[in-house]
Amino acid sequence: MTTNQERPVLVATEADDITADMVVTQLNRRSVPVVRFDPADIGADLTVSARFGTCRAPVAGQLRTTSRTTDLAQVRSVYWRRPVWPEFQHLGSDDARFAAAQVRYGLGGTLYALDGTLWVNHPLRNAATDYKPAQLAVAQRLGLTVPPTLVTNDPDEARAFITDHGQVIFKTLRWTRYERDGVPVTGWAEPVTADEIDESVRVAPHLFQARVDKIADIRVLVAGRCVFAVRIDSGLLDWRKDYSALSYSVVNLPDRVDQALLACLDRFGLVSGSFDLAVDHAGDYWWLELNPNGQWGWLEEKTGLGMSAAFADLLTQGVTP
């Protein structure tokens, strides 16, 4: 009989992922077997073979890399970090689209079929959480303070909202890979005035939000029931614009905020997430957003917090806390 200590942890991520490296290092220190793979490697360095309806186990088979072979029935947990799905650029457009779909629904579907496996986080749960309007509603239901926000493709509504609230920012509803004249473009949070609103707003919904009069940002990482809160001082509207301008300090959140963030993860069926909050001059905390699979590795390096160890403990445990 296979003991829990012998059951492997799957780590699905791209080749260059320093954050995943940190977690894998912690798992190695615990002598936990790890199988790291990337869906983009299928056909070359990755093979899956699964059987259904042929034995007592609902799913049986193997996931094989160039260095590891995993019994799918024995997987303890899956760290769904930053995997890349293959694009099959060597194929014609129709064949590539067909092959990519087969990988997502064949490899992905096989992994989703695993029973008794902890996901950090399940990709379907991540996808469902990525809707910012749903996040805003859940945050308010849980007692968190949400900035006045408008999602609209009506230019008149947008102008009226900006006029009512004065200082307003525009934020993308979802990060999307985007290039303009061959140059990658990132959607920062940016100030917007009523005069800037034109008929192009009608093309798609836009998110407009009253600007919080903040003194600092708070990035909160939750892994299982471990909460790590880091204050980020910068003076920037969007601190992601210039990491060299940032300073960090470890903080403790009010208990009610702690509990609300944990309840938020529960509501979305997640076991981990990165929250962005803002703190104002009165010391009040404002909800900004939740990234179910956000970056955190640099925060451990800057603060010494045991974030990677918390992830390793969670994956080693292998059951939902």
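Analyst: The protein chain has 8 helices and 18 strands, taken as DSSP runs (helices H or I, at least four residues; strands E, at least two) and numbered from the N terminus. The radius of gyration is 22 Å, close to the 20 Å that the globule rule gives for 321 residues, so the chain is as compact as a globular protein of that length; the radius is taken over C-alpha atoms, and the rule is 2.2 Å times the number of residues to the power 0.38.

This is a predicted model, in which local features need pLDDT of at least 70 and side-chain atom pairs count only at pLDDT 80 or more, while totals for chains, interfaces and linings use all residues. Residues are numbered from 1 along each chain as its sequence is written, and side-chain values use heavy atoms, with hydrogens and water left out.

Of the 321 residues, 45% count as buried, meaning under 20% relative accessible area with a 1.4 Å probe, protein chains only.

Now the aromatic part. Rings of Phe, Tyr and Trp (its six-membered ring) pair if their centres lie within 6.5 Å; planes under 30 degrees apart count as stacked, over 60 as edge-to-face and the rest as tilted. The count comes to 10 aromatic pairs. One of them is Trp80 with Trp119, a tilted pair at 5.8 Å centre to centre and 55 degrees between the planes. This pair links distant parts of the chain: Trp80 sits in strand β6 (residues 77–82) and Trp119 in strand β7 (residues 118–120), 39 residues apart. Both Trp80 and Trp119 are buried. Ring pairs also bring in Trp85 and Tyr112, which form a cluster with Trp80 and Trp119.

Note on methods. Buried < 20%, exposed > 50% of the residue type's maximum accessible area, 1.4 Å probe, protein only.
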